[in-house]
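I opened the model today to look up its sheet, its aromatic pairs and the charges over its rings. My notes follow in the order in which I checked them.

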Amino acid sequence: MDELLPGPLPAETKATCQSCPMQQRDEPSGPGVIFFDNKIKCCAYLPRLHNFLAGGVLAGDDPTQAAGRVTVEARIRAGLAVTPLGLEQTRTFGLLYENSSAAFGRNRTLKCPHYLEETGGCGVWRHRESTCATWFCKHERGATSQAFWREYLHPLLLGVEYQLARWCLVKMDVEEEILRALLAPPLGSTGGPVRGEELDGKVDTDEYQKKWGKWRGRECDFYVACHREVRALSWAEVEDICGVETRVLAGLTRKAYMRATAEEPPERLTPGSMQLVRIGHDTTRISTYSDFDPLDIPNPVLNVLRHFDGRPTADVLADIATHENIRLEPDLLRKLADFRVLIPPPKSSDR
């Protein structure tokens, strides 16, 4: 990303792993107030560690990363959804995850195998995959930041992971019959219904042999070799390997980055859609773009939102100052726009 973007990635200082803002503290839970389980936090996900990412964890010699290497080695030994493409999600996990969205962050059955309970950290942090790398419970700039991370950077990185994992198979001279088996739908090992032996954590040894061929028993070596191939690539080389779709996504990500780092609020604004979470004497808590990231707004500010009717923002601010004796500072106005409390009016073609 240092090669792709014109500046550093936006900092998300509100989403702190070591002092999780989603853990319940003094505030009681209630309607519209969401907390995560203190023993799992947002690590309720089984990441797909593509071959070169798994290899990055295994290849590291930093003693502080030793605990993480143990978790990757354990997944490889278990053999479930372990292929030359990487450590895939198991069908059992996919079934649970897709049908228990309300359990995210609150059910320990979904706990990531790379979550380090002793430290509360991530064992594969330096080589985490695109979903984990771009997901935050809270954002510095609300919906503006979330759009950059989830709608643009995540699809870009996910596509790159997908293509580079397959490029590695070619570089590693994987046998033709294995390529056909891995690349034919359903991709990897996660397609189709869950079989009984999978529910019990058992591996079909014949199927496993067909997926690994000559590399069976040397899975760690395979992943490390994939990591070495990818580690040497520049971003320009990645784009050449991954093709036109990656170039298009890269261009869109650059434009989204400019929007995510712009300081000026939109020239025209109207009130957005919001949900009242709690009404207080001085402030009101609302939820806009995410239930995980509510916003407390001073009641006087909430009361003047009606003035934003699509007229030029400068005119509205002058009107508020004259009739309400309130001056909205630029930083506050930007925050209201970032959190979609105020949104640009629809274009004439959208009406």
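Before reading the sheet I wrote down the rules: two strands pair if DSSP finds at least two bridges between them, while helices (H or I, at least four residues) and strands (E, at least two) are DSSP runs, numbered from the N terminus. The model is a predicted one, in which local features need pLDDT of at least 70 and side-chain atom pairs count only at pLDDT 80 or more, whereas totals for chains, interfaces and linings use all residues. Residues are numbered from 1 along each chain as its sequence is written, and side-chain values use heavy atoms, with hydrogens and water left out.

**Entry: the sheet.** I found three strands in an open sheet, ordered S1-S3-S2, with antiparallel pairing. Strand S1 (49-50) and strand S2 (82-83) are the edge strands, each with a single partner strand, so one side of each has no neighbour in the sheet. I then followed S1 to strand S3 (residues 86-87), to which it is joined by two bridges in an antiparallel run, and noted that His50 stands opposite Gly86 in S3.

**Entry: aromatic pairs.** For rings I used those of Phe, Tyr and Trp (its six-membered ring), which pair if their centres lie within 6.5 Å; planes under 30 degrees apart count as stacked, over 60 as edge-to-face and the rest as tilted. Searching the whole structure, I got 16 aromatic pairs.

I checked burial next (buried is under 20% relative accessible area, exposed over 50%, partly exposed in between, with a 1.4 Å probe and protein chains only). Tyr45 counts as buried at 14% relative accessibility, and Phe93 counts as buried at 8%.

Tyr208 is buried at 9% relative accessible area, and Trp212 is buried at 1%. I also noted that Tyr208, Trp212, Trp215, Phe222 and Tyr223 form one aromatic cluster.

**Entry: charges over rings.** I counted a charge as sitting over a ring if NZ of Lys or CZ of Arg is within 6 Å of the ring centre and within 35 degrees of the ring normal. Arg218 lies over the face of Trp215, at 4.2 Å from the ring centre, and the charged end of Arg128 sits over the ring of Trp125, 3.6 Å from its centre.
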